[in-house]
Each structure stands twice: as C-alpha cells, then as structure tokens.
Amino acid sequence: ESSLIQTIGRAARNIRGKAILYGDKITGSMQRAITETDRRRQRQRDYNQTHGITPKSIEKAVTDIMEDARSLSPADRARELKVAEQTARYQHMTPAELGTKIAEMEQQMIHHAEMLEFEEAAEIRDKIKHIKDQALK
C-alpha cells in the first residue's frame with residue numbers, strides 16, 4: 001500500500017503524470033492507495049483554490065538541470081565530508097575486518113529497505129560503495 005502511494009505520488013509530481021494500476025481485481029492495498037491518493041488530490045485542489053494557485057510545469061533548459069546536479073547543497077557537502085571521515089576509519093582495517101564491516105552495513109541497508117526507509121538504505125549503499133572504491137585504490 002505505501003509503495004503504491006509513493007509511486008502514484010511520484011507520478012503526480014508531473015503535471016501530466018499518470019499511474020496505471022494493472023490487476024485482475026482491485027486488492028485491498030490498491031483500494032486504500034487509490035482512496036488516499038484521491039484524498040490528497042482533493043486536499044491539494046482545495047488548497048490551490050483557496051490560495052489562487054494554478055498548477056504549472058517547471059520549465060528549465062537542460063543546461064540548468066545539469067548545473068543543479070553539479071552544485072551540491074550544504075547538506076550534501078556535509079554528508080560527503082562525513083563519508084570521507086568514516087572512510088578514513090576503515091583504511092586501517094584488515095581485508096577480513098573490512099569484509100565483516102561491509103556485511104554488517106549490508107544487513108543494515110536491507111533492514112532499512114524492508115522497513116521502506118529507502119533514503120536511509122540508499123545512504124548506507126553509497127557508504128559501502130565509497131568504502132569499496134577506496135579499498136580498491
């Protein structure tokens with residue numbers, strides 16, 4: 001249900017976005033996701049009408065999008081520094097110790113994914129990749 005709501009919500013961010021659910025029947029989770037999406041959509045319409053907002057698509061040139069991707073926010077910079085500091089801690093480990101630590105981190109990543117905490121899981125995934133990249137240098 002929550003995955004469906006998340007996916008439908010992502011599609012809704014595009015002014016012409018659509019989410020098409022296929023199945024032989026509408027399951028309980030599908031119905032709850034549809035009901036929640038309809039509720040959110042109506043709430044957004046009411047808000048827009050109250051505040052005189054007309055939804056419109058963002059118009060950016062490809063070069064603007066690429067510049068945004070290259071420039072890191074202060075939070076992203078801080079996160080990169082934190083990863084670099086943590087990587088320094090792993091450089092003194094033996095390969096066996098490093099393997100054990102990576103296995104622990106992978107278990108944490110799986111746990112976060114199972115709990116639908118995808119941002120946390122992705123952060124751990126990125127840390128693991130960074131550590132592996134540094135270990136192979």
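User: Which helices each supply at least two residues of the lining of the largest pocket?
Analyst: The model is predicted. In it, the largest pocket has a volume of about 860 Å³. Two helices pass the threshold of at least two lining residues each: H1 (2-12) and H2 (28-50).

User: Where does the largest share of that lining come from?
Analyst: The lining of the largest pocket counts 26 residues. The largest share is 8 residues. Its source is H2.

User: Which lining residues are the closest to the centre of the largest pocket?
Analyst: The pocket is lined by 26 residues.

User: What pattern does the protein chain follow along the sequence?
Analyst: The protein chain has 6 helices. Strands number 0. Read along the sequence, the pattern is α-α-α-α-α-α.

User: What percentage of contacts between residues at least 6 apart in sequence join residues at least 24 apart?
Analyst: Take the contacts in the protein chain between residues at least 6 apart in sequence. Then keep those that join residues at least 24 apart. That share is 55%.

User: What share of the residues in the protein chain is buried?
Analyst: The chain has 137 residues. Buried here means under 20% relative accessible area. The buried share is 15%.

Definitions and conventions:
Residues numbered from 1 in each chain as written. Predicted model: local features only at pLDDT ≥ 70, side-chain atom pairs only at ≥ 80, totals over all residues. Heavy atoms only, no water. 1 Å grid on protein atoms, 1.4 Å probe; cavity = no way out; pocket = protein on both sides within 12 Å on 5 of 7 lines; lining within 4 Å. Points joined across faces, edges and corners; volume = space filled by probe spheres on them. Helix = DSSP H or I, 4+ residues; strand = E, 2+ residues; numbered from the N terminus. Buried < 20%, exposed > 50% of the residue type's maximum accessible area, 1.4 Å probe, protein only. Contact = heavy atoms within 4.5 Å.
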